[in-house]
Structure formats: structure tokens, C-alpha cells
Amino acid sequence: MSRGPHGPPSPDDLASGYDFVLPPELIATEPAARRDESRLFVYHRTDGRVEHRRFSDLPEYIKPDDLLVLNNSKVQRVAIATTDGRLTALLLEETSPQHWVALVKPGARAKPGMRLKFALRTGGGELEAEVLKTLPGGERVLRFFGPVDLEALGEMPLPPYIRKRRTTLGQPEHTAADVERYQTVYADRAGSVAAPTAGLHFTPELLARFPHAFVTLHVGLGTFRPVKVERLTDHEMHEEAYSIPAGFAEAYEAATRIIAVGTTSARVLESARELRGGGRTRIFIHPPYEFKRVDCLLTNFHLPRSTLLMLVSAMIGRERLLELYQTAVQERYRFFSYGDAMLIL
């Protein structure tokens, strides 16, 4: 559906155009027993064909001259709680030594000048911080009175829909299995507050079978903050840092087809002026965006009204994607971080 110069906006341009009914029981709260045992929904754009496979079948769709591009950012232990259990914080980015931008909940209690005490997860003791200011988006700037050792202070920032045990303070208590499975097997660049989930399906053995290269985008608010406005042009994407290693441009140029593993990898490729070095991006990909560097996409099944869903819509069209999601619901695919995968060819 198009929009005239003075007519009403198209559903493509409205957040409500990206709604769909998702039964709560299809939200994956636990990962598959093995990473590559998740299901794979394959969509062929050339003829509209759909196949229902397993992720371990992926090699059947990858050609020798393809290049898989994966995000190797590593999730940090950035979920912290005050010693009294009344406040939680998600540390988004360290802007200078001991100064962090954070999401604090409930935000109304975290007023500038307030002192917060956080218990160390290991070794005992606590670390104090002061709320310096509130940013326009509602984030707080925290100044810590001492070095911030995330391994000693924080927990893995698992999404709220993933089943978790609880401590006496009501905060998440994660096992070694939680920490392992909410991280890709190739993650080695610390900086994310959420996993680039399309990569969670890969085992080292499976990845070794494909031509592949890495980029880095540290997942932050730009990726997971929901769209709260109706017109997409009014949604503000938060900046996220990315980098592209030396040698990547040569691998890209040698490939016939580029398959982005996840929306974050796609956003790096579509953002970078040159395929080397680093920068920051706030690119918001949605219809009628035309991809310039990404030919195919491997991704998970996403939340209604999310920027991730809108990015996938830009590749195959909003109406068609919603039809495919309806099929996925009927076929009982699992959604979100620990869910199944979708391959768009």
C-alpha cells in the first residue's frame, strides 16, 4: 500500500501495521537441548516457497561462494541490583571511567543526587554509586565510587520472559548453563547488554562448515527499545557502537552472496560508509528501505511492533512477513531469544 503526497500514512509507516497475535506459550523460555536442534523456517523470495527444517540443515542452503556475516559482540554481566532489592539497573555503556549510562527501575525512585549501594556478586562487599542526572530518554548517568568489575558485580541480563530462579532479594540467580546459552559460541568482543540472538543456534562444528566473517555491534537500546510512537518517523533509534576488522572488505568483495546473521550484522553492513574501521550507528531500517549490501538474512522470530520486525519487513514486505509469521504461529515455531530461526533467501 502506498501513500500519496497528501493522503493518510500507509500501514508500512505505522507501528500498528506491525502487530500480530502471538500466543504466549510460543515464547521460548528455555533454549533447545542443543543449539542446532532449533527449527529453521526457510523462505525463498524468488518463488514464495516455504520449507520447515532444522537448523542443522543450514548447510544445504549455503553455497561455497557465500559469506555469512556474524556479530561477535559478547554480552556483559550488566544487570545489577541494590543491596535492599528495591532498585535494579542495566548498565548500558561506560562513557568515562566509573561513569555509566544505565536503565534504572523503577526510574521514579532514582533521582539525581541519590546514593545507591550494590552488592558484589562474588567476594562480598558492596559498591556505591550516585545518580548524577537523568537523560532525555529516561536513562540515568551513574558515577561509581570505585572500579566497576562487571564479573564481580553483575548478572547476565537475560530478557524478562526467560524463566529464571530468584534469590531472596527477588533478583535473577543464573546458573552456568544460563551464562553459556545466552552467549554465542564465537563471542569475543565484550560490550553488549543483550545477545545477538540469531547466532545462538550455531555450534563451533556447524560454523566451521561455512565461509564466514565477523563484525561487531554492541547491542544496546537501539536494538531492543520498543517503538512507543505510532508514526515510525517519530521513533528515535539510540546509537550503538560498531567495528569492522581488517580484511573484512576483501572477504566481502570475494563473495557472491552476503548472508547477514541477525539484524545487528545487517545494520552494520548497511550503516558503514567503508567496510573497515568503526563508528556509531542509529540506522532504523523499515519499509521501503532497499538493502545495499545484504542479500539474505538469517534471523529469529521477533516481537510485534519491534524495530527488528520492521527491518525484516524491509527485506520481504510487511504484508508478506505477517503472512509468514501467521504460518509460523500455526506451525508452533518458538519466538524470541531462545526461539527458532528464519532464513530468508
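**Entry 1: β3 and its partners**

I started with the pairing of β3 and strand β16 (residues 257-261): five bridges join them, and they run parallel. Helices (H or I, at least four residues) and strands (E, at least two) are DSSP runs here, numbered from the N terminus. Two strands pair if DSSP finds at least two bridges between them. I noted the basis at once: this is a predicted model, local features need pLDDT of at least 70, side-chain atom pairs count only at pLDDT 80 or more, and totals for chains, interfaces and linings use all residues. Residues are numbered from 1 along each chain as its sequence is written, and side-chain values use heavy atoms, with hydrogens and water left out.

I looked up Leu68 in this pairing and found Ile259 as its bridge partner in β16. I then turned to strand β14 (residues 212-217), which pairs with β3 in the parallel sense over four bridges. In β14, Leu68 has His212 as its bridge partner.

Next I asked about cover: how many of the six residues of β3 are buried? Six of six are, so I wrote down strand β3 (residues 66-71) as mostly covered, where buried means under 20% relative accessible area, exposed over 50%, and partly exposed in between (1.4 Å probe, protein chains only). In a regular strand the side chains alternate between the two faces of the sheet. I checked each side of β3: Asp66, Leu68 and Leu70 are buried on one, and Leu67, Val69 and Asn71 are buried on the other.

**Entry 2: the nine-stranded sheet**

I traced the open sheet that holds β3. Its nine strands follow the order β2-β1-β19-β18-β16-β3-β14-β15-β17, with mixed pairing. β2 (49-54) and β17 (277-281) stand at the edges with a single partner strand each, so one side of each has no neighbour in the sheet. Neighbouring strands are turned by 20 degrees against each other on average, direction ignored. For these angles, axes are lines fitted to C-alpha atoms, for helices over the stretch in contact, and angles run from 0 to 180 degrees between N-to-C directions.

I also checked strand β1 (residues 39-44). Four bridges join β1 to strand β19 (residues 341-344), and the two run parallel. Tyr43 has Ile344 as its bridge partner in β19.

Then I looked at what packs on this sheet. Helix α6 (residues 263-271) touches β3, β14, β15 (240-244), β16, β17 and β18 (296-300), and its direction makes about 85 degrees with that of β14. Contact means heavy atoms within 4.5 Å. α7 lies across β1, β18 and β19 and runs at about 150 degrees to β18.

**Entry 3: the six-stranded sheet**

I found an open sheet of six strands in the order β5-β6-β7-β10-β9-β8, with antiparallel pairing. β5 (79-81) and β8 (115-119) are at the edges, each with a single partner strand, so one side of each is left without a neighbour in the sheet. Here neighbouring strands are turned by 40 degrees against each other on average, direction ignored. I followed β5 to strand β6 (residues 88-96): three bridges join them, antiparallel. Thr88 in β6 is the bridge partner of Ala81.

**Entry 4: cavities**

On a 1 Å grid over the protein atoms alone, a cavity is a set of points where a 1.4 Å probe fits but cannot get out, and a pocket is an open set with protein on both sides within 12 Å along at least five of seven lines; lining residues have an atom within 4 Å of a point. Grid points are joined across faces, edges and corners, and a volume is the space filled by probe spheres set on the points.

I noted two cavities of 30 Å³ or more.

Which element gives the most to its lining? α7 does, with three residues. α4 (221-224) and α7 (307-316) each supply at least two.

**Entry 5: the second largest pocket**

β6, β7 (99-105), β13 (189-192) and β15 give two or more residues each. β6 gives the most, with three.
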